[in-house]
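Reader: I have a chain open in my viewer and would like to learn how to read it. Could you take me through it, feature by feature?

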Amino acid sequence: MGKSQGLTILDNFEFLADFQPNENIDFVTDLSGLSYLNLLRDTVKSGDSLTYQFESNNPIDSEAVIVKFNGQNVGYIKQIHCKVFHKYRLDELKLIVKATEQNGVIRNIFVKVNYNI
């Protein structure tokens, strides 16, 4: 269950780990907000490096973390994982696309997050 986050094809319920920020952070998560972005197929590919920034003016979540690829918004970090990002400086966490789920548009982006020591 840790590898799939409890995601199944038939439902929208998932289990998310509540990671405690520390020097050994290394996990995979999927980005949220993709249904609103309608990213074209192959906008990002496995192995692409992503950047992130804090979006404190977000009307829904003042601790939102937006993820970008070449300046384009590609999703958000899940709310439960945002505290890991707020713990470190902006240049300390590394985000790499692990995999994508796509047909005509990208449905899901799985991102590996680790602490850049």
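Author: Contact here means heavy atoms within 4.5 Å. Bear in mind that this is a predicted model, where local features need pLDDT of at least 70 and side-chain atom pairs count only at pLDDT 80 or more, while totals for chains, interfaces and linings use all residues. Residues are numbered from 1 along each chain as its sequence is written, and side-chain values use heavy atoms, with hydrogens and water left out.

Reader: Which nonpolar core residues have the most contacts inside the largest core?

Author: A nonpolar core is a set of buried Ala, Val, Leu, Ile, Met, Phe, Trp, Tyr and Cys residues joined through side-chain atoms within 4.5 Å. Buried means under 20% relative accessible area, exposed over 50%, and partly exposed in between, with a 1.4 Å probe and protein chains only. In this model the largest such core has 24 residues, and those with the most contacts inside it are Val44, Leu50, Val74, Ile77, Phe85, Leu95 and Ile109. Strand 2 (49–55), strand 3 (64–69), helix 2, strand 5 (93–102) and strand 6 each supply at least two of its residues. Strand 6 gives the most, with four residues.

Reader: How many helices and strands are there in the chain?

Author: Helices (H or I, at least four residues) and strands (E, at least two) are DSSP runs, numbered from the N terminus. This chain has two helices and six strands. Read from the N terminus on, the elements run β-α-β-β-β-α-β-β.

Reader: In what order do the six strands form the sheet?

Author: Two strands pair if DSSP finds at least two bridges between them. Here the six strands form an open sheet in the order 1-6-5-2-3-4, with antiparallel pairing. Strand 1 and strand 4 stand at the edges with a single partner strand each, so one side of each is left without a neighbour in the sheet.

Reader: And what should I look at around strand 6?

Author: Follow its two pairings. Strand 5 and strand 6 run antiparallel and are joined by nine bridges, and a hairpin of three residues links the two. Across that pairing, Ile96 has Lys112 as its bridge partner in strand 6, while Lys94 stands opposite Asn114. Strand 1 also pairs with strand 6 in the antiparallel sense, over five bridges, and there Asp26 has Asn114 as its bridge partner.

Reader: Where does Ile106 lie, and is Ile106 buried or exposed?

Author: Ile106 belongs to strand 6 (residues 106–115). Its relative accessibility is 2%, so Ile106 counts as buried. Setting aside neighbours within four places in sequence, Ile106 is in contact with Leu34, Leu39, Leu40, Arg41, Asp42, Thr43, Val44 and Glu101. Take Leu39 from that list: Ile106 and Leu39 are 67 residues apart in sequence but 5.5 Å apart in space, C-alpha to C-alpha. Asn108 is also in strand 6, and Asn108 is buried because its relative accessible area is 12%. Leaving aside neighbours within four places, Asn108 is in contact with Asp30, Leu31, Leu34, Ala99, Thr100 and Glu101.

Reader: How many salt bridges does the structure hold?

Author: A salt bridge is a side-chain nitrogen of Lys or Arg within 4 Å of a carboxyl oxygen of Asp or Glu. The structure holds two. In one, Lys112 pairs with Asp26, the closest N and O atoms being 3.8 Å apart. Lys112 lies in strand 6 and Asp26 in strand 1 (residues 26–30), so the pair ties together parts that are 86 residues apart in sequence. Lys112 is partly exposed at 33% relative accessibility, and Asp26 is partly exposed at 46%.

Reader: What about Asp30 and Lys78?

Author: They form a salt bridge too, with the closest N and O atoms 3.2 Å apart. Asp30 lies in strand 1 and Lys78 in the loop between strand 4 (72–76) and helix 2 (82–87), so the pair ties together parts 48 residues apart in sequence. Asp30 is buried, with a relative accessible area of 5%, and Lys78 counts as buried at 10%.
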